[in-house]
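Reader: I have not looked at this structure before. Could we go through it by way of questions and answers?

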Amino acid sequence: MKETSKERVEQLVDVIMKKCLWQFHSRTWDREKQNENIILKTTQILCDEPVVKETPEEKCYWVDAVWLANAYKEKFPWVTEIDKEDLKQIMRELKERLDFLLITGSLNAELTDPLY
Amino acid sequence: MPYHLFKCSECIPERGKHAVIKGPGETLADALPLGYLNTIPGSISERGCAYCGAKHVIGTPMKDVIHMSHGPVGCTYDTWQTKRYLSDNDNFQLKYTYATDMKEKHIIFGAEKMLKQNIIEAFEAFPAIKRMTIYQTCASALIGDDINAVANKVMKEMPDVDIFVCNSPGFGGPSQSGGHHKINIAWINQKVGTVEPETTSEYMINYVGEYNIQGDQEVMQDYFKRMGIQVLSTFTGNGSYDDLRAMHRAHLNVLECARSAEYICNELRVRYGIPRLDIDGFGFEPLSSSLKKVAMFFGIEERAQAIIDEETARWKPELEWYKARLAGKKVCLWPGGSKLWHWANCIHEEMGVDVVSVYTKFGHQGDMEKGISRCEEGALAIDDPNELEGMEAMEMLEPDIIFTGKRPGEVAKKVRVPYLNAHAYHNGPWKGFEGWVRFARDVYNGIYSPIHKLSLLDISKDEIPVDRGFETQRMLSDVHLSEEIKNSTELREYTGGYDLLKGLKERVYPEFPPKANVALPAV
Ligand code: SF4
């Protein structure tokens, strides 16, 4: 049976939560940057679009994105089968869900500490 | 209800917000234990102090340094040698410990003069060592001794020595974690950027948050060297003081224990533009991913792949031997800070055990977020547990083994729950491919040791069976195994040697021609 897009988003979230560490940086602004850049680059890789990786910072986001894109392709055949626009929509929802779980809905009281 | 109040803590109701059971379908936004708060009075915590966090965890693994505590001898003694962070200079930093031996009279009259004498005496006693770290303690902080001023005076008088001052008294935070933070920041403020490194490769990393427990750092360094990557510095296991002063020249910070060392990575990123890549050195799959990511950053992925293929082929059949025998065993993963998330998922997937509880003594809420995310539903997550809660959790969960420190570990033993030392290891190193098999072997030996059954017999009154021999581990572990697994010719027990580090020391590393077409990240 075909999963709903919500179920698909949860599948993608689960891989990040179980296998990755980049989403758990210690401050809100840090997490926003991580989510933004790595999900953007993962989406670009999955949609065969060019990815900018000129600076060390971009390169670092890119390596996490390559890993994630490969994991998604390997675990979920639908990632390569569905229309690219639909995939982009799912990735947008994934980013929203991550932002909620890790930032706006997070119970971690340290996220707003102004210092490291 | 996701939050869990232990029966033994009903008289300390604030504890109710420090434990959570991961319920089906629940997320981090539903419940998260409080963390990194002062221990509630009445709760007998298992934490260490901020001085201990600074010295014992992060400072002392630096190998070519005299580690001097400015305070009473007790602070020093309790942070000496109880963690097995080896070094390749004959364990200099483990063999000796130094204290100014502060007494009541110094509290009244000050101890700066005595500190200066001690510093000079220590340098004279060990003339080959030219570097020192001085650790403040509660006593020297409370009387206001100016350690920096004394250190500067000595450095003027002895121009060939260099001294780092770590002002992290015991009361400088709710737990040892406060000390981790302070020493990270002190190091980058005082020392980073004061030495230019000798470079031997076009790819340079700092390996951060790695303490060389039983040789972990040497195992990981071996992989990096095989890829042609120079480990400019390790913060701090087996790390050299002067190498760590040159951290600003790395292209990438590879961060292992984010709990204890993310601060310096974050600062290096902000001040020097060096990116931070968080990795896992434990478990075949996470380690493979980590090596690949580091290599990919430099455009040398094929070198990582070659190592992964070779190591996996060599060690996977041995890991699988243990996995078949550990499947379904219940584990409490009760370390200090970072191993709850390093291990929670990969011990389940790669050793087949079920993590029924995770706890952290000094972790922050961020560590709980990682740990809870990585363990399965139903697990009990506890922040800063007290001894009674640990006992109650063991009664409730009936684990087959717990991974923890020696204080709670010895308590567990008394109720016949085997434990492995999660901080200092049993037969480590546990990092790397072979290391992971050694960990599996330790888990197996812990769970299936015949002593657990034998110790139930009281020779003063019980009848001792004399018609059969003792049961061996294999008899206990293989009883429910299928014939196919029992007789498998592919799976095998650990076949490595006693000391895996010896082989690493003898290895000759390949030389790689420079990759002219790879644009190196400028720092
Ligand atoms: S709390 Fe203070 S007195 Fe106690 S060991 Fe730590 S530094 Fe020493």
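Author: We can start with a term. The model is a predicted one.

Reader: Which hand does the crossing of α1(B) and α8(B) have?

Author: This is the crossing at roughly 60 degrees, where the axes of α1(B) and α8(B) come within 6 Å. The hand of the α1(B) and α8(B) crossing is right-handed.

Reader: Which element gives the most to the lining of the largest pocket?

Author: The lining of the largest pocket consists of 42 residues, and B:His56, B:Val57, B:Lys83, B:Phe362 and B:His423 lie nearest the centre. Elements of chain B that give two or more residues to this lining are α1 (50–59), α2 (73–77), α8 (176–190), β6 (204–210), α14 (339–343) and α18 (406–414). With 4 residues, the element that gives the most is α1(B).

Reader: What is the volume of the largest pocket?

Author: By class, its lining has 15 nonpolar, 17 polar and 10 charged residues. The volume of the largest pocket is about 770 Å³.

Reader: How many charged residues does the shell around the ligand have?

Author: The residues around the ligand are B:Cys49, B:Tyr51, B:Cys75, B:Thr137, B:Cys138 and B:Gly170. Cys and Tyr count as nonpolar, while Gly is among the polar ones. By class, the shell has 4 nonpolar and 2 polar residues, and the number of charged residues is none.

Reader: Which helix gives the most to the lining of the largest cavity?

Author: A search of the whole structure finds 5 cavities of 30 Å³ or more, and the largest cavity holds about 170 Å³ of space. Of the 18 residues that line the largest cavity, A:Lys19, B:Asp280, B:Pro286, B:Ser289 and B:Arg374 lie nearest its centre. At least two lining residues each come from α1 (5–19) of chain A and from α12 (284–298) and α14 of chain B. The helix that gives the most, with 5 residues, is α12(B).

Reader: How many charged residues does the lining of the largest cavity have?

Author: By class, this lining has 7 nonpolar and 4 polar residues. The number of charged residues in the lining of the largest cavity is 7.

Reader: Are α12(B) and α19(B) parallel or antiparallel to each other?

Author: Helix α19 of chain B spans residues 432–447, and its axis is 10 Å from that of α12(B), at an angle of about 165 degrees. The crossing of α12(B) and α19(B) is right-handed. An angle over 145 counts as roughly antiparallel. The helices α12(B) and α19(B) are therefore roughly antiparallel.

Reader: Where does B:Pro429 lie?

Author: Most peptide bonds are trans. The peptide bond from B:Gly428 to B:Pro429 is cis, with omega near 0 degrees. B:Pro429 lies in the loop between β14 (419–421) and α19 of chain B.

Reader: In which strand is B:Thr236 found?

Author: B:Thr236 is joined to B:Phe235 by a cis peptide bond, with omega about 0 degrees. The strand, which covers residues 230–236 of chain B, is β7.

Technical notes:
Residues numbered from 1 in each chain as written. Chains lettered and ligands numbered in written order. Predicted model: local features only at pLDDT ≥ 70, side-chain atom pairs only at ≥ 80, totals over all residues. Heavy atoms only, no water. 1 Å grid on protein atoms, 1.4 Å probe; cavity = no way out; pocket = protein on both sides within 12 Å on 5 of 7 lines; lining within 4 Å. Points joined across faces, edges and corners; volume = space filled by probe spheres on them. Near = heavy atom within 4 Å. Axes fitted to C-alpha atoms, helices over the stretch in contact; angles between N-to-C directions. Left-handed = near helix turned anticlockwise from the far one by under 90°. Parallel < 35°, antiparallel > 145°, perpendicular 65-115°, else oblique.
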